[in-house]
Structure formats: structure tokens, C-alpha cells
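Subject: Structure handover

Dear colleague,

Please find below the structure I promised to pass on to you, together with its sequence.

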Amino acid sequence: MIEIPFIYIPVMALCCYFFLIMALLAAKKNRLIHSFITLLLCNLLWTGGSLLMRMQVFPSYEFWYDVSLLSLFAIPLFLYIFVHNFVKAKGHFVMHLMTVITAVMLVLTQRQVFLKRPTLVTTEQGMSYFQYAMDWPIVIPTVIFTILISCTGCLVIRAMKRHEMSSEAMLSLVIGMFTLLIGNFLSVLPGNIFPFDTLSGILNAAFLFYALYRQRMFKLTLLVSRGTLLVLSLAVVSILFSIQSIRVEHWFREYLPLFAPYSTVLFSLAFVGATSLLYFLFSRIIDNLFIKDELLQAERLRSFSSSISKSLDLNEIVATHLAGDRCGEGGSCLSLSLSGIVQKLPNCRHPQPVGRQHLHPRGRKPLHCLDEGA
């Protein structure tokens with residue numbers, strides 16, 4: 001097995017992708033959710049294939065190299081498809097065209113037309129490393145990736161001009177894509193050994209996940225439980241500690257020989273402490289970013305329901321809606337649906353100037369609420 005520098009980065013990436021996939025599998029499926037799950041699966045196969053290739057896991061490192069490279073080459077296409085569905089872009093010609101081009105490119109990649117499989121070289125000291133060889137054909141997939149990234153950027157720019165999406169969701173989308181580009185650029189710098197590309201993949205997935213949440217594509221309170229966070233914490237710490245166990249034992253024998261007989265006990269205590277700390281961090285992140293906002297919205301809805309249940313006057317109900325619970329944090333608004341309304345809907349008045357609001361009853365014309373000066 002080849003020694004993998006900063007192995008905790010790909011391990012964290014695998015756990016992050018697996019956690020997001022499991023969370024989204026519990027959500028209500030639509031085209032956007034399916035496209036994001038596919039994108040996460042590509043990231044999972046890319047990172048996992050690269051890690052297993054370096055660990056030389058069965059069946060062979062060549063197999064895992066193909067899995068990793070083909071997944072990596074498919075990510076730009078699935079990122080474009082995700083953004084296309086996210087911004088609700090019209091027209092599918094470019095998507096279908098790039099899908100065909102990418103499929104042909106993947107077949108040629110598996111046949112080693114663009115990039116030859118690396119050669120495993122073992123030195124006299126017993127160290128192993130992979131030797132890569134690149135030639136001019138690699139320019140072809142590079143051009144295809146550039147076109148796909150440019151098309152994805154155009155979709156985002158057009159959506160921002162239309163102002164049809166939440167500003168926070170669009171900002172998360174832009175930051176995630178920008179982070180992914182910067183990470184891949186830093187990873188190919190001469191002399192770099194830190195996995196910036198893998199780290200940027202984690203951040204990009206997190207930003208895209210947050211963008212979906214801001215669009216109210218699912219309720220995170222139904223997806224994330226304390227048990228799930230505990231299992232995730234145990235998985236991350238178990239993998240990291242199993243990888244570093246031999247090195248930690250050697251460190252005890254060399255630097256702390258007096259405590260060497262108690263290394264197992266100390267290692268166990270460190271494992272429990274690391275799991276507890278990681279669980280605490282995950283819980284705080286989820287609470288601050290997601291759960292608190294949803295609980296606040298639920299409390300506002302309960303308060304509004306309690307207020308209108310005491311009155312049958314339409315004007316008073318609408319006034320209560322406009323006065324207190326029109327919009328929550330992040331621009332998430334409480335919509336008011338009215339049923340059984342006659343065709344000619346009255347204008348309702350509100351004592352404070354609130355501007356023009358549109359309350360859309362189900363299957364009816366909108367109820368226009370005007371301020372006193374209208």
C-alpha cells in the first residue's frame with residue numbers, strides 16, 4: 001500500500017458524501033434532487049476510487065483508477081445538469097448534446113485514448129508510487145470541461161439577472177462552484193501534495209446542499225437525527241483512528257515509553273473524546289444552519305394559526321398575516337391560501353402601508369391587499 005498524505009481529507013470527503021446521499025434519499029424525490037444525488041455519487045466514486053487505488057485494494061489498482069477517472073470526467077456534466085434543474089432553465093439541446101459528447105469521451109477515456117493508466121513503481125527501499133504519463137490528447141477532455149463550466153456559469157448569470165431564485169441560494173451556488181474551481185487549480189500546482197481538489201469537492205457539495213435547503217426542497221428536521229450524527233461521528237473517527245493506530249503505537253513507544261503499557265487505554269479514551277467532540281461540532285453546525293430556522297418558522301406558523309382561529313373576519317385575518325408573519329428569515333414567506341371564495345374578491349385594507357401583496361388562493365384569482373393610500 002502506498003502511503004497517502006493527508007488521508008483524513010478523502011476519508012472526511014467519503015463520510016460527507018455518504019451522509020448527504022443518505023439524507024437526500026429520505027427526501028421527496030424530483031428531478032432536482034435526483035440530479036444532486038447523481039452528482040454526489042460521482043464525487044463519492046471519484047474520491048473513493050482514488051483512495052482505494054492508492055491502498056491497492058482488490059481487484060486491482062487499475063480498476064479503481066478507471067472508476068476514479070471516469071467519475072471525475074463525468075462531474076462537469078452532472079454539475080451542469082444540476083444547475084440547469086436548479087435555476088429551472090428552459091431548453092435541453094445543450095444538455096443533450098453535452099451528454100452525448102461526455103458519453104463518447106468516457107468510452108474513449110476507458111480505452112486510454114486521452115490518458116494512460118499509471119504504472120506502479122517500487123523503489124529499492126520498498127516504497128511505492130504511481131508514475132503518470134500525459135500527452136497532447138488530454139487537451140480534448142480539457143476543452144470539453146471548459147465548455148461545460150462556461151455553460152454552467154451562463155446558467156447562473158442568467159438566473160441572477162431574472163431574480164427568480166433566493167439570493168442566499170444563488171450565492172451558495174456561486175461560492176460552491178468558485179470553490180471547486182480554485183481547489184482543482186491549486187491541486188495541480190507544481191510540488192503540491194495537499195488534496196485541495198478533494199477538499200474543495202466537500203465544500204462545493206456542502207454549499208450546493210445549503211442552496212437546496214434555502215429553496216425549501218426538503219425539511220432537514222426530518223432528515224437529520226441525533227442518531228445519524230452519532231453514527232457519522234463514529235464512522236469518521238473509526239476510520240481515522242484505524243489508519244493511524246500503528247503510527248500512534250510507535251509514537252508512544254518512542255516518545256512516551258513509560259505510558260507504552262497503557263497505550264490501548266489511552267487510545268480508547270482518545271477515541272471516545274474525539275467522537276464526542278466531533279458529534280458536538282456536527283450538532284452545533286446543523287442546529288445553527290438549519291434546525292433553528294425551521295423551528296422558528298414552525299413557531300411563527302403556530303402563532304399565526306392561533307391568532308386567526310379566534311376570528312372569522314377576512315380583513316382581520318389578512319391584517320394579522322401582513323402585520324406579523326409575512327416573511328421569515330432568508331426571505332421565506334408564509335403564503336395564505338383561501339378556498340371557497342366568490343369570483344369577485346374584495347380589496348382588504350390594512351392600517352399600515354404594506355404595499356401591494358398577492359395572496360394566491362387555490363384555483364382562484366389572487367386576492368389583492370392594498371394599503372390605504374392605494
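Helices, in what follows, are DSSP runs of H or I with at least four residues, and strands are runs of E with at least two, both numbered from the N terminus. Counted in that way, the protein chain contains 11 helices and five strands. Please keep in mind throughout that this is a predicted model. Of the 374 residues in the protein chain, 38% are buried, and among the contacts between residues at least 6 apart in sequence, 68% join residues at least 24 apart.

The largest pocket has a volume of about 1800 Å³. It is lined by 46 residues, of which W46, L72, S187, V188 and D197 are the closest to its centre. The elements that contribute two or more residues to this lining are α2 (31-55), α3 (61-86), β2, α5 (139-162), α6 (167-187) and α7 (196-214). Helix α3 provides the largest share, with eight residues. Sorted by class, the lining of the largest pocket consists of 32 nonpolar, 11 polar and three charged residues.

Q56 has a phi of about 55 degrees although it is not a glycine, and it lies in the loop between α2 and α3. With a relative accessible area of 32%, Q56 is partly exposed, because that value falls between the limits of 20% for buried and 50% for exposed. That loop between α2 and α3 also holds P59, which is joined to F58 by a cis peptide bond with an omega of about 10 degrees. K88, for its part, has a positive phi near 55 degrees and is found in the loop between α3 and α4 (93-110). K88 is exposed, since its relative accessible area is 63%.

Cysteines

How many disulfides does a search of the whole structure find? The search finds zero. A disulfide is a covalent bond between the sulfur atoms of two cysteines, and the criterion applied here asks for a pair of such sulfur atoms within 2.5 Å. For C154, the closest cysteine sulfur is that of C151, and because the distance is 6.2 Å, the two are too far apart for a bond. C154 counts as partly exposed, given its relative accessibility of 37%, whereas C42 counts as buried, with a relative accessibility of 9%.

Helices α9 and α10

Finally, there is a pair of residues that I looked at in two of the helices. T275 lies in helix α10, which covers residues 263-308, and V231 has its place in helix α9, residues 226-255. Is T275 buried or exposed? Its relative accessible area is 7%, so T275 is buried. Leaving aside residues up to four places away in sequence, T275 touches L230, S233, L234 and V237. V231 is exposed, with a relative accessible area of 54%, and although V231 and T275 are 44 residues apart in sequence, their C-alpha atoms are 9.6 Å apart in space.

With kind regards

How values were computed
Residues are numbered from 1 along each chain as its sequence is written. This is a predicted model: local features need pLDDT of at least 70, side-chain atom pairs count only at pLDDT 80 or more; totals for chains, interfaces and linings use all residues. Side-chain values use heavy atoms; hydrogens and water are left out. Buried means under 20% relative accessible area, exposed over 50%, partly exposed in between (1.4 Å probe, protein chains only). Contact means heavy atoms within 4.5 Å. On a 1 Å grid over the protein atoms alone, a cavity is a set of points where a 1.4 Å probe fits but cannot get out, and a pocket is an open set with protein on both sides within 12 Å along at least five of seven lines; lining residues have an atom within 4 Å of a point. Grid points are joined across faces, edges and corners, and a volume is the space filled by probe spheres set on the points. Ala, Val, Leu, Ile, Met, Phe, Trp, Tyr, Cys and Pro count as nonpolar, Asp, Glu, Lys and Arg as charged, and the others, Gly among them, as polar.
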